[in-house]
Amino acid sequence: MDFALLERIVGRAEELGADDVVAIGEEARAWQTKFVNNRIATGMSGYDKEVSLFVSKDRKIGVTTIKEFSRRSIEESVSKLLRFTKKMQPNEEYYGIAQGPFKYKVVKGIYDGRIGKLEQRATDFIEGGINAALAEGAKRASGVLKYNVKEEFLVTSSDARSSERSSGVYFSIRALADKDASGHKVCCSTTLRNFFPERTGARAGRIAKMALNPVKGSIGRYDVIFDPYPLANLLNIAMDSASAFAVEAGFSFLRGKLGRKVASSAVTLVDDGRLPHCLSSSKCDSEGVPTRRNVVIDRGILKTYLHNTSTAKRYGVETTGNAGLLSPKPCNAVLSKGDYGEKELFDEVKRGLYITNLWYTRFQNYETGDFSTIPRDGIFLIEKGELTKSLKEIRLSDNMLRMLLNVVAVSKKQEQIIGWEVEIPVITSHVLVKGVRVTKST
Amino acid sequence: MHEELADFAVNYAVGKGADYAEARAEHSEGTAFSMKNGVLHAAGFEKEDGVGIRIIVGGAMQFVSTNELSKKVLRGMLDSAVRAARKSARIAARIDMSDAPVEKARYEVRQRVRSGEVDSRGKIEELFDIESELKESKVNIPARFFSLCDEVVYKYFSNSQGSRINSVIPYVGFHSLITICEGGQTAQRSMQLDETGGWEIVKGWNLPSRVLEEAKALFNNLKYGKPAPKGRVDVVAAPEVVGIAMHESVGHPYEADRILGREAAQAGESFMTPEMIGSRMAKEFVNVVDDPAVPGSAGYFIFDDEGVKARRKYLIKDGAINELLHNRETASSLKTISNGSARAMNYECEPIVRMSNTFLLPGELSEEEIIDDVKLGVYIKSFMEWNIDDKRVNERYVGCESYLIKNGEITHPVKKPVLETTTFDFFSSIEAVGDRVGYYAGTCGKGEPMQGVPVWMGGPTIKLGRIRLG
């Protein structure tokens, strides 16, 4: 993959009459080792090379992916895309792509060459994580180690030109001390400097041991402390909801709320495409616009949606540097840290819950924000700041806006989370939310 | 398609010391379109070739995939995979594959109208027609999102035991989310249609009237709906609700890989144990199957992604737990043989235990007869919010289009009835099973990386006697 290939593709699309062209090339190698019950179950590796291609002609738009790079194949793909696009209806909401050239600042700490050579250490990382979980009291542990390196190139017909190497590493471990007693933790980074699978295994093992002998939880409203891992599940949804596309298509509880209070003053939620060591940090978006820090919710007030050139024009603002190939998308979601130490946060709770994982978050209505989600792994009753009981079999059935408005405290220490149901990297702390509605099967 | 590369990979891996090797060469192509609030938002086409290879070396399993289709790349990847397998041996689980016959086969799902030959203008017209139909109605629908896609997947499977299977399966799909506004309130409905076959299926869906019907039902619910009763009442669940329950509370917990812990850190484990086979879950007229051979179904296949011939599995038979879903690995672990339940999302993913089409078999009563028998209850026709815990016990379904039943008659709409129950209570409450099966499409998620595969789920209308509504 190189600039010459992308320039040839963009040039050919222009020759064939395209008004706007974006070509994004990616060459990626990815590895994964899945472990089950303290044993390695499968190793996986993949190598893929592709160019995502966007064209517009008279405000008609079309996209494809090129995966064969012979001259003949490129010619066939580009000419087919132009013929295909010309048959479409104009998109009246399309206002072109950003005009370059752009000056880019390098985003620090998003590539570590050692990650591409982890083959020899992968088994050691996994063994270290499992043993640490077992040492804390777990009987078995399952999870995955994933790592990747990739190189991306971008060329547009509006003079944007960028290339970037990045890497990522992710360790997820679920430790089980008994059938109903488990803890799940993840760690992830772009470099090995911030990657601690052993510590992660130990944390999962500790939760699993604490979760032994759970009793069924009770319905009601509780003050809930969310660990960063489950909170990332909800903040991922909140940040996805800030995309102008989600707002217009009905997938967002933030529709019609610009300038209004959507969270408590403890909540400042930022989309930051330039944070060092974050997995979706990059120097530019899919139009080549330099990424930036966008304060989406500022001390509770919704300040902006996430935009590309077209949606920004319709809202009368500047692009926020969040273009995907077709729609705006978040980079990294960052919840600004608060003042509380972790212990201070727990001391705030007279009677409440500590939730360490969530899954299966589903909406009754994306626009109103009514949803439910299921706590999984360690769930604990907090009484006078102390964890007094392990609980099981409860559900949080509430509303996104109400929960954001009821955030009363955010702790100081942040961590980066991705996960099985957390697709965008979320950087968050522990958070205390008042009066969360808990239901259960009856 | 690169059949020769798949065969090469299998032979090369065996030559390098693999005890078992299998390869899937895939070629897929299709188009996709989406419309947001009347504007054609996206249009595109995809064409992809790739190969995925799974090997077992000294009991350790490795999987590699690539779209860089050269022998040189494959050799390099397989050499690394063999090295990685040996390196991991000290803590690797010993993987064995259950016995399976050598299969040579070729099959294709027929397209009466080939999707690839339908002009793209004709395809987007389907979306514009929905938009026109909704505009003509008096229903206020401020947000409308529709997508329509077609894809043909050509697959060649080859393994070191001599199986060679070619398949061609075409898919069509439609997804929508509509937001209805009435009296200052909103309600939403998402809909998913997926089938195997050609464009004739899309024409048969009659999308404009189908979406409008959903919009009108939601409008009525918003305008005339009253609070749903709470406490113990009879619930008549229509096929859409029955389908999701069969998928979530029967299909998933019966996946043998979950039971063995292989999904513990992803989709979760299961309340089920192999020792529970033969235990009673429901009355004797309750039978739940997973069947990949339903013609036109989204989960259709004749041979699974390990080359095992697929068949109907009776998960619950005569009210008792009967059989689990297996691939060759789990079958070997539990000393049985695979029942053909291995699926991979595409060439980039390993085959794992999956559902295909999971549904409750029909009984003898009509829906009218079931409703006739209810003094006070709720008829739940569709749902929006749902979820279930990772052991597949505690589940919640919140009704979308729902009505009160009084003295055997459907009276007025009710808003958001909440059925928050357990798998065991759900099944032990089934008192009547209708005679007409309805199927609904879904994309089932499981595995690492997350693999979404097309499935159907369904069943006939059922009566849940005296179950608690929240």
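**Helix 3 against helix 4, chain A**

I looked up the hand of the crossing between helix 3 of chain A and helix 4 of chain A and found it right-handed; a crossing has that hand if the near helix is turned clockwise from the far one by less than a right angle, and is left-handed if anticlockwise. Helices here are DSSP runs of H or I with at least four residues and strands are runs of E with at least two, numbered from the N terminus. This is a predicted model, in which local features need pLDDT of at least 70 and side-chain atom pairs count only at pLDDT 80 or more, while totals for chains, interfaces and linings use all residues. Residues are numbered from 1 along each chain as its sequence is written, and chains are lettered from A and ligands numbered from 1 in the order in which they are written.

I then took the geometry: the axes of helix 3 (residues 119-135) and helix 4 (residues 197-210) of chain A come within 7 Å and cross at roughly 30 degrees. That crossing makes helix 3 of chain A roughly parallel to helix 4 of chain A, since angles under 35 degrees count as roughly parallel, over 145 as roughly antiparallel, 65 to 115 as roughly perpendicular and the rest as oblique. Axes are lines fitted to C-alpha atoms, for helices over the stretch in contact, and angles run from 0 to 180 degrees between N-to-C directions.

For the contact (C-beta atoms, placed from the backbone, within 7 Å) I noted A:Phe125, A:Gly128 and A:Gly129 among the residues of helix 3 of chain A, and A:Pro197, A:Glu198 and A:Gly201 among those of helix 4 of chain A. The residues of this contact divide into 9 nonpolar, 5 polar and 1 charged; Ala, Val, Leu, Ile, Met, Phe, Trp, Tyr, Cys and Pro count as nonpolar, Asp, Glu, Lys and Arg as charged, and the others, Gly among them, as polar.

**Chain A against chain B**

I found 64 residues of chain A in contact with 67 residues of chain B. Strand 2 (residues 39-57) gives the most to the chain A side, with 11 residues, and that side divides into 22 nonpolar, 25 polar and 17 charged residues. Strand 2 of chain A also pairs with strand 3 (residues 60-66) of chain B in the parallel sense over 5 bridges, pairing being called where DSSP finds at least two bridges. I noted A:Gly43 opposite B:Gln62 in strand 3 of chain B.

**Sheet and domain, chain A**

I traced an open sheet of 6 strands in the order 11-10-9-12-21-20 in chain A, with mixed pairing. Its edge strands are strand 11 (301-302) and strand 20 (415-419), each pairing on one side only. Strand 20 and strand 21 (residues 422-428) of chain A run antiparallel, joined by 4 bridges, and A:Glu415 stands opposite A:Thr428 in strand 21. Helix 5 (residues 228-240) of chain A packs on the sheet, its direction making about 115 degrees with that of strand 21 of chain A.

The UniProt record, an unreviewed entry, places "domain: Metalloprotease TldD/E C-terminal" at residues 220-439 of chain A; its positions are given in the numbering used here, feature names are shortened, and annotations may be inferred rather than shown by experiment. I found this span to be 17% helix and 38% strand, with its end C-alpha atoms 7 Å apart.

Conventions: Two residues are in contact if their C-beta atoms, placed from the backbone, lie within 7 Å.
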